[in-house]
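Please keep the sequence and the 3D view side by side while reading.

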Amino acid sequence: MNMTTKDNAQPRREIRSFVLREGRITPGQKRALQRLWPRFGLEPGRRIDPAAIFGRQAPLTLEIGFGNGESLASMAAREPATDFIGIEVHRPGVGHLLQELDKQALDNVRIINEDAVKVLRDSLPACSLDRLLLFFPDPWHKKRHHKRRIVQPDFIALVASRLKPGGILHMATDWEDYAEHMLDVMSRSEGFLNCATSGAYSVKPDYRPVTKFERRGRKLGHGVRDLVFEKK
Ligand SMILES: C[S@@+](CC[C@H](N)C(=O)[O-])C[C@H]1O[C@@H](n2cnc3c(N)ncnc32)[C@H](O)[C@@H]1O
């Protein structure tokens with residue numbers, strides 16, 4: 001993904017799937033970032049060694065774009081035998097999740113505040129994930145912005161390389177056009193089996209909590225689609 005222009009071989013700015021807005025950060029989130037980051041935070045750019053980080057061998061789930069972390073904390077509480085890494089670029093969301101981890105005394109979650117594409121590419125070992133979750137990624141509604149959608153063939157190839165054989169890629173969206181785009185990209189990607197029948201959406205697995213963005217989408221009358229694929 002280190003693209004260069006043809007004429008002068010200068011690195012081209014990568015297309016990002018997010019716009020970084022600091023937004024409003026509450027005093028509680030600020031305090032959580034100061035006090036709890038050393039305990040739950042992983043510094044970007046360093047190689048991730050899950051067994052060393054969590055001090056045990058356990059199935060590993062990665063959630064990309066956890067938002068305010070509500071659903072990640074809830075999954076981690078329900079699955080204490082699984083380790084979770086959450087990636088989010090939005091700092092108020094990171095602060096919110098830190099508060100939740102502290103409140104619920106959860107020790108099976110670590111957080112990275114960085115672009116998930118960089119983390120997958122530079123820090124996460126091959127075949128290290130049992131499950132990768134991508135719930136309600138930014139849909140980038142306008143056609144001219146579709147290139148900013150995180151689900152693209154290159155991204156899915158990167159995900160495939162980081163999942164263990166038999167590992168699960170689970171995506172969900174409330175934007176029909178993005179769901180169709182996801183199915184299209186997956187149908188052209190090698191190395192995955194659709195856990196529903198080919199070309200179909202899945203029934204929502206029980207482990208997926210209803211997320212904040214999902215609630216917002218449902219209020220607007222959007223249907224929600226889950227896509228669950230197994231790495232061959
Ligand atoms: C529409 S929100 C959904 C949040 C949450 N999953 C939910 O369902 O409530 C998408 C989130 O993905 C984050 N995001 C987008 N691209 C990202 C990337 N490349 N790396 C990390 N986070 C990203 C955004 O900051 C945003 O919080």
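Predicted model: local features only at pLDDT ≥ 70, side-chain atom pairs only at ≥ 80, totals over all residues.

Cys127 sits in the loop between helix H5 (116–123) and strand S4 (129–135).

**Two residues with positive phi**
- Cys127 is not a glycine, and yet its phi is positive, at about 50°.
- With a relative accessible area of 41%, Cys127 counts as partly exposed, because that class lies between the buried limit of 20% and the exposed limit of 50%.
- Phe136 also has a positive phi, of about 55°, although this residue is not a glycine either, and its place is in the loop between S4 and helix H6 (153–162).
- Phe136 has a relative accessible area of 9% and is therefore buried, since buried means under 20%.

**Overall fold and dimensions**
- The protein is built with 8 helices and 7 strands.
- Taken along the principal axes, the box filled by the C-alpha atoms is roughly 50 × 45 × 40 Å.
- Of the contacts between residues at least 6 apart in sequence, 79% join residues that are at least 24 apart.

**Burial, surface and charge**
- Buried residues account for 47% of the 232 residues.
- The accessible surface comes to about 12,100 Å², and 51% of this surface belongs to carbon and sulfur atoms.
- There are 39 positive and 29 negative side chains, and the centres of these two sets lie 5 Å apart.

Key
Residues numbered from 1 in each chain as written. Heavy atoms only, no water. Helix = DSSP H or I, 4+ residues; strand = E, 2+ residues; numbered from the N terminus. Buried < 20%, exposed > 50% of the residue type's maximum accessible area, 1.4 Å probe, protein only. Contact = heavy atoms within 4.5 Å. Areas by Shrake-Rupley, 256 points an atom, 1.4 Å probe, with all protein chains shown as cover. Lys, Arg positive; Asp, Glu negative; His and termini not counted. Charge placed at Lys NZ, Arg CZ, Asp CG, Glu CD.
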